[in-house]
Amino acid sequence: MKQSHRIALGVSSCLLGQNVRYDGGHKLNHYIADLLSIYFDFVPVCPEVECGLPTPREAMHLTGDPAAPRLIAVRTGRDLTAQMHSWSAQRIQELKPLRLRGFIFKKNSPSSGLFRVKVYQDKGPPLTSGRGLFAHAVTRAFPLLPVEEEGRLTDTRLRENFIERVYGYDRLLTLLDSNPAKADLIQFHTLHKLLLMAHSPDHYRRLGKLVASTSPVHALLPSYASLFMEALQLLATPAKQTNVLMHCMGYFKKQLEAWEKQELLELIERYRMQQLPLIVPITLLKHHLQRFGQPYLEQQLYFSLHPDELMLRNHA
């Protein structure tokens, strides 16, 4: 995949090696800082430092209601909730013109954690249903923005899903910014057919009904955008991917020799059984595309979703 422009991602500053943590250290993540930096422009954000707290500083945690927690300094009991909320609102206004395509947050952080952040109670063990105050503000302000925690990026399927969403969101925003006509939306939907089928055949059908609607395109775009990103958030499972691969194979049923069909079927089945990575049957399908040419398949973004060097489809 050739990307004509750099994509901007928000990233928790400590993950890039900046010494901004409460203990004066960092949490450098080499996958983000070394590999993803080749393809993305990072916008570092450290809520604690940027809202005016020193480094090093007193440790903080969330307390109270997980739906509206308080940010409290552990040793002194100082309530920093209002300070963090005020800064977050200002920072989000600064982020809006940057048109971020995604955000990678620091797990477990009371300001930046996305999932299962501890919320301490007066009695009993802490609840693990909280979200950092800044992370919550970001997801509320940018509901379609792809977001993830660095810890979950070690899971190959979650990593692939996040990067697919980032590139998908970039293409979606490019469409929305172009003042598209109905024909542009139809073309966008067509190019994403196989990708959407791999994530959710149901969403693909629902999006198709939207595109076929007689409503003006400007009235359709908000619903289409929301449903499109909702589809990509669903994991593309081996079963759904297998259905897409078999669909692709059908385009070559008249060109392939019997042994070639059998070869492709065996690779697809071994992928379904998780004995081979997805890249193996896809590579063979791309080989047949080059041999025989299939204009409809050739235009499908499914075959070139992200840079090959990221090796996102190389896991079994």
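Colleague: How many salt bridges does the structure hold?

Modeller: Counting each side-chain nitrogen of Lys or Arg within 4 Å of a carboxyl oxygen of Asp or Glu as a salt bridge, the number that the structure holds is twelve. This is a predicted model, in which local features need pLDDT of at least 70, side-chain atom pairs count only at pLDDT 80 or more, and totals for chains, interfaces and linings use all residues. Residues are numbered from 1 along each chain as its sequence is written, and side-chain values use heavy atoms, with hydrogens and water left out. The answer is therefore to be read with the salt-bridge cut-off of 4 Å in mind, and the count is twelve.

Colleague: Which residue forms a salt bridge with Asp177?

Modeller: The closest N and O atoms of this pair are 2.6 Å apart, and the partner of Asp177 is Arg99. Asp177 belongs to helix H5 (residues 156–177), while its partner, 78 residues away, sits in the loop between helix H3 (81–95) and strand E5 (102–105); helices (H or I, at least four residues) and strands (E, at least two) are DSSP runs, numbered from the N terminus.

Colleague: Are Lys106 and Glu150 buried or exposed?

Modeller: These two residues form a salt bridge whose closest N and O atoms are 3.0 Å apart. The pair links distant parts of the chain, with Lys106 in the loop between E5 and strand E6 (117–120) and Glu150 in the loop between strand E8 (147–149) and H5. Both Lys106 and Glu150 are buried.

Colleague: What is the relative accessible area of Glu260?

Modeller: Glu260 forms a salt bridge with Arg291, their closest N and O atoms being 2.6 Å apart. Because Arg291 lies in helix H12 (residues 279–292) and Glu260 in helix H11 (residues 258–272), the pair ties together parts that are 31 residues apart in sequence. Arg291 is partly exposed at 39%, whereas Glu260 is buried, with a relative accessible area of 6%.

Colleague: Where around the axis of H3 do its buried residues lie?

Modeller: The buried residues of H3 include Met84, Trp87, Arg91 and Leu95.

Note on methods:
Buried means under 20% relative accessible area, exposed over 50%, partly exposed in between (1.4 Å probe, protein chains only).
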